[in-house]
Amino acid sequence: MRKTVYLKFILAYVIFGILSFVMISSYGSSLMTETARHRTARKTYSEAVKIAQTYASDLYNTDISLESAQRQLEAISVYLQSEIWIMNPSGRIVINTANEPDPEEEVVVEGFDPTVTGGSYYTVGKFFSHFEEDHLSVLAPITRGYKTRGYVVIHCPLSMISEEADSYLNVSYIILLILFLLSLIILIFFTEIIYRPLRKIIRATEEYAAGNMHYPLNVESDDEMGYLSASLSYMASEIARSEDDQKKFIANVSHDFRSPLTSIRGFLEAMLDGTIPPERSSHYLQVVLNETDRLTKLTNGLLTLNNLNTRGMLLRRTDFDINQTIRRVAASFEQTCRSKGISFQLVFSGEILYVNADEEKIQQVLYNLTDNAIKFSRNDSVITIETSEKGSKVYVSVKDKGIGIPKDDQKMIWERFYKSDLSRGKDKKGTGLGLSIVREIIRAHNENINLISTEGVGSEFIFSLRLSEKNNELEEE
Ligand code: ADP
């Protein structure tokens, strides 16, 4: 493929050269011959008219002698490189610059007809079979008192005109050659601007196709080629990144599945072989149950994330009261809160606050955030959940007085399976998927979620939602 583009371009270049040559040598040649004929005819005719009005007229008026007129016309004929005649209307040649006048011999052009030029002012041919080769002949009448006394006839050999045309043609060939050589610059540009970058790009795509996504592709030009290569190398880096992510993801999943499975197996084996006495087995069965809970949670989290990640996540948007949803979520944690002495403080901007979102998914967001807040809160502390209205948005904040999140971890907590070192001791059941799910849901709503947290003081997660127009209807009522 590589060779073909280049060869095609060279082929086009050669075809261009051949066609230009053929055009000039055929059409150009006839055009130039025609032009040379017209030019010579025009020039010769005006000379003939001048001669008819001066020397020839003088001759007929007997103002100058035949010899003297002959000399003058010979000089002009040398200059014109043509044969000049003065002839009577009957066809008798009075003066012929090609021959000395001979009064004894009378030369008559047989069949002479002054209308031979037709509508034009020149004729091409052997002039009534007088010449052996073709001539371009012009005729100018010598008049006196409205009577034609004779004609000035100038004959220019066609071979001379062809020579002139040929010299024009040669100049055209030289110009064509120069243009052809100059157009080599286009070939150089093509090679440098298109062909070389294209080869680099093809080489890189071959490497990418073979799986070498880290192959460097550098085309440093700010044109389409540069843009294409930048897009390609961006694509490759994205694929490489997603491959890495996938590997990391699978490693994490396997790890998170393996540890509960190992501990379940360990306890069960110990119970079977009697290492754990039967009277203690109920305690360890509870541990095994907890581990299976963790596995279930992990599987559910993965399934949720997988569903959320599917492009164009389907949201079932409705107008619902976010305050009511918060109350419901808080109530579902009542039992857990009681055991830790944690209480909720719900701060709402009004009794009812409608938002436009997918209720089920937002409930999941609130559930995950509240679950984290409780897990990482100190005993006997307060968790504040607050809603506020600003413009067309509603901001929901979940704030705890817990262990907080170290600055370095704040960016990482949104990643799947990420658990900060601080939290590991406190939360053995965590999967590290909760916040990834939260982020995906908020993103799908085209909204934002932010975190403000200080280590040892507490954390606050704030996300935005679209205010529903239903609130306006409520106000109007
Ligand atoms: P998990 O299910 O393990 O809680 P998340 O994705 O919900 O996973 O959270 C990831 C990590 O972010 C947690 O392991 C914890 O380190 C940190 N984190 C999340 N919420 C809080 C919070 N309210 N206070 C302190 N740390 C938190």
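The following legends describe close-up views of a predicted model. Local features need pLDDT of at least 70 and side-chain atom pairs count only at pLDDT 80 or more, whereas totals for chains, interfaces and linings use all residues. Residues are numbered from 1 along each chain as its sequence is written, and side-chain values use heavy atoms, with hydrogens and water left out.

**View 1. The largest nonpolar core has 42 residues.** A nonpolar core is a set of buried Ala, Val, Leu, Ile, Met, Phe, Trp, Tyr and Cys residues joined through side-chain atoms within 4.5 Å; buried means under 20% relative accessible area, exposed over 50% and partly exposed in between (1.4 Å probe, protein chains only). The members that touch the most others are Ile-322, Ile-362, Leu-366, Leu-369 and Phe-463. With six residues, helix H10 (residues 359–375) gives the most to this core. Helices (H or I, at least four residues) and strands (E, at least two) are DSSP runs, numbered from the N terminus. Because domain 2 (224–309) and domain 3 (317–476) both give residues to the core, it lies between them; the domain bounds come from an automatic or database domain assignment.

**View 2. An open sheet has six strands in the order E3-E2-E1-E6-E5-E4.** The pairing is antiparallel; two strands pair if DSSP finds at least two bridges between them. Strand E3 (107–108) and strand E4 (123–125) stand at the edges with a single partner strand each, so one side of each is left without a neighbour in the sheet. Strand E1 (residues 83–87) and strand E6 (residues 147–157) are joined by five bridges, and Trp-85 has Val-153 as its bridge partner in E6.

**View 3. Helix H5 (residues 184–209) and helix H6 (residues 224–272) have axes that come within 10 Å.** Their axes cross at roughly 10°, which makes H5 roughly parallel to H6. Axes are lines fitted to C-alpha atoms, for helices over the stretch in contact, and angles run from 0 to 180 degrees between N-to-C directions. Angles under 35 degrees count as roughly parallel, over 145 as roughly antiparallel, 65 to 115 as roughly perpendicular and the rest as oblique.

**View 4. Asp-134 is placed in the loop between E4 and E5.** Asp-134 is partly exposed, with a relative accessible area of 33%. Leaving aside neighbours within four places in sequence, Asp-134 is in contact with Gly-125, Lys-126, Pro-157 and Leu-158.

Terms used:
Contact means heavy atoms within 4.5 Å.
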